[in-house]
Amino acid sequence: MSTLLIHNATCIATQHAPLGELHNASILVEGNTIAHIGSASALPPALLASADEVIDARGHLVIPGMVNTHHHMYQSLTRAIPEVQNAELFGWLRGLYPLWAGLTPEMVQVSTQVAMAELLLSGCTTTSDHLYIYPNGVRLEDSLEAATHIGMRFVATRGSMSVGQSQGGLPPDRVVEREDAILKDSQHLIETYHDARHGAMLNIALAPCSPFSVSRDLMRESAALARSFKGQNVRLHTHLAENDHDIAYSREKFNCTPAEYAQDLGWLGDDVWHAHCVKLDDAGISLYAATRTGVAHCPCSNMRLASGIAPIRKMLNAGVPVGLGVDGSASNDGAHMVNEARMALLLARVGKSLEPFGCDAGPAEMTARDMLSVATLGGAQVLGRNDIGHLAPGMCADMALFDLRTLGFAGGAVHDPVGSLLLCASAQAAYTVVNGRVVVREGQLMTVDLGPLVERHNRLAVALALAKG
């Protein structure tokens, strides 16, 4: 079993209450698990001498690997498309569906690796992805193979759309699937790839896309299928309550709010997480808290599409599990987890000031440490993982190191290394460790050659846009 020593870190923000924040501390990794964490001066000399690899962490902040709870990685091929730069959600989707209909397996593989590279370089070690469109022979396996090669912990969701425009849905008929085929493939993917063990690198979840693109039957049958794998932590995911049009659609089609729609279909519970929930009202928040239903908060996407400001502080106060998501790269145009956490922090503060009668609590109502907890512990909780999200003996060795001596931290880290990570300019990870493996070293991705990958990705992005024309 190989050993890795992260030695003499300036600060380790463990996100583990009994340990708190440690200074001048070290972490010993044995295989893929944290074996020891504590003061560097108390480290037995034999452990230092016997480590297979030592990373000198002086001048570095160490945090648990961040957890991305919502993404559409294929959308990195359609960033900044001029026709939809200024559109809201439904118009944005209508503009992009025809492009996405041209996706190929190669495009999904390459875009998955580009998206994961961005995440890893920003200190994210675990990600989910919501692939809900399967044209031209695309399979979820295309994403799974790409993730295995790049070395990221992955919660892959088998998304789906089954209600096209001819049936009152939003997507064109040519990009939806038959529901029997969706369910058959969903079962195959769970049986073949889902790993429920401690430290698993791959989980499968089921994710009908949204109330405006799937039927009630598919929602119910997907939930029943996932829950038939008892004790295997097969989770459920969808979009919900993203903007005012989303609310209006639910009221018109189902005569209820999105939260009530989810409750009626059995889509609340500690095995479910929903993306966005920007328009979740107080009654909905209470439902989510009572059932421990998770929320993937996607602040940059919500701002980009002018969807609104999710009431995250209210959710957290009520006990709703909340994690962060970068969402699709075509509605965020980036996949930088530190930046996402920073935007979430700032948006929560300005959002509070816009509530009726203003804000009594002030900026302190959402702190940098609160948001770092959401980005790490919160994300792990939302994805149903108790083996990631904080640093302690027995936990998976997932962590990110940031060099506090770099320009972005100048004048900040000397006062507060942890707070400066989110309050100062967006930082890149110096090292990212996933499952005990160093996948980013001195700011360079070690598992994929980025130059040829980006060149290939850009070539495919152009081809996808031309195919529509």
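A: Before the helices, one definition: the axes are lines fitted to C-alpha atoms over the stretch in contact, and angles run from 0 to 180 degrees between N-to-C directions. Also, this is a predicted model.

Q: Okay. At what angle do α2 and α15 pack, and how far apart are their axes?
A: The angle is about 105°. The axes lie 8 Å apart. Helix α2 covers residues 89-100, and helix α15 covers residues 450-468.

Q: Parallel or perpendicular?
A: Roughly perpendicular, because angles of 65 to 115 degrees count that way.

Q: Why give both an angle and a distance?
A: Because two packed helices are described by the angle between their axes and the distance between the axes.

Q: Which residues meet there?
A: From α2, Gly95, Pro98 and Leu99. From α15, Leu464, Ala465 and Lys468.

Q: What classes do the residues of that contact divide into?
A: The contact of α2 with α15 has 4 nonpolar residues, 1 polar and 1 charged.

Q: Switching to cavities. How many are there of 30 Å³ or more?
A: The count is 3. The largest cavity has a volume of about 140 Å³.

Q: Which residues are closest to its centre?
A: Leu89, Trp92, Leu93, His239 and Glu242. They are among the 18 residues that line the largest cavity.

Q: Which element gives the largest share of that lining?
A: Helix α2 again, with 4 residues.

Q: And how does the lining of the largest cavity divide by class?
A: It has 8 nonpolar, 8 polar and 2 charged residues.

Q: Now pockets. What volume does the second largest pocket have?
A: About 180 Å³. The second largest pocket is lined by 13 residues. Nearest its centre are Leu316, Val322, Ser373, Val374 and Gly378.

Q: Which helices each supply at least two residues of the lining?
A: Helix α11 (312-318) and helix α13 (368-382). The largest share, 6 residues, comes from α13.

Q: What about classes in that pocket?
A: The lining of the second largest pocket has 6 nonpolar, 4 polar and 3 charged residues.

Q: Where is Arg292?
A: In the loop between α9 (282-291) and β12 (294-297). Arg292 is partly exposed, with a relative accessible area of 35%.

Q: What about the phi of Glu442?
A: Glu442 has a positive phi of about 50°, and it is not a glycine either. Its place is the loop between β16 (437-441) and β17 (444-445).

Q: Is Glu442 buried or exposed?
A: Exposed, because its relative accessible area is 62% and the cut-off is over 50%.

Q: Last one. Where is Leu345 found?
A: In helix α12, residues 337-353. Leu345 has a relative accessible area of 0%, so it counts as buried.

Q: Which residues does Leu345 touch, leaving aside neighbours within four places in sequence?
A: Leu345 is in contact with Met366, Thr367, Ala368, Met371, Leu422 and Leu423.

Q: And how far apart are Leu345 and His130?
A: They are 215 residues apart in sequence. In space, Leu345 and His130 are 24 Å apart, C-alpha to C-alpha.

How values were computed: Residues are numbered from 1 along each chain as its sequence is written. This is a predicted model: local features need pLDDT of at least 70, side-chain atom pairs count only at pLDDT 80 or more; totals for chains, interfaces and linings use all residues. Side-chain values use heavy atoms; hydrogens and water are left out. Angles under 35 degrees count as roughly parallel, over 145 as roughly antiparallel, 65 to 115 as roughly perpendicular and the rest as oblique. Contact means heavy atoms within 4.5 Å. Ala, Val, Leu, Ile, Met, Phe, Trp, Tyr, Cys and Pro count as nonpolar, Asp, Glu, Lys and Arg as charged, and the others, Gly among them, as polar. On a 1 Å grid over the protein atoms alone, a cavity is a set of points where a 1.4 Å probe fits but cannot get out, and a pocket is an open set with protein on both sides within 12 Å along at least five of seven lines; lining residues have an atom within 4 Å of a point. Grid points are joined across faces, edges and corners, and a volume is the space filled by probe spheres set on the points. Buried means under 20% relative accessible area, exposed over 50%, partly exposed in between (1.4 Å probe, protein chains only).
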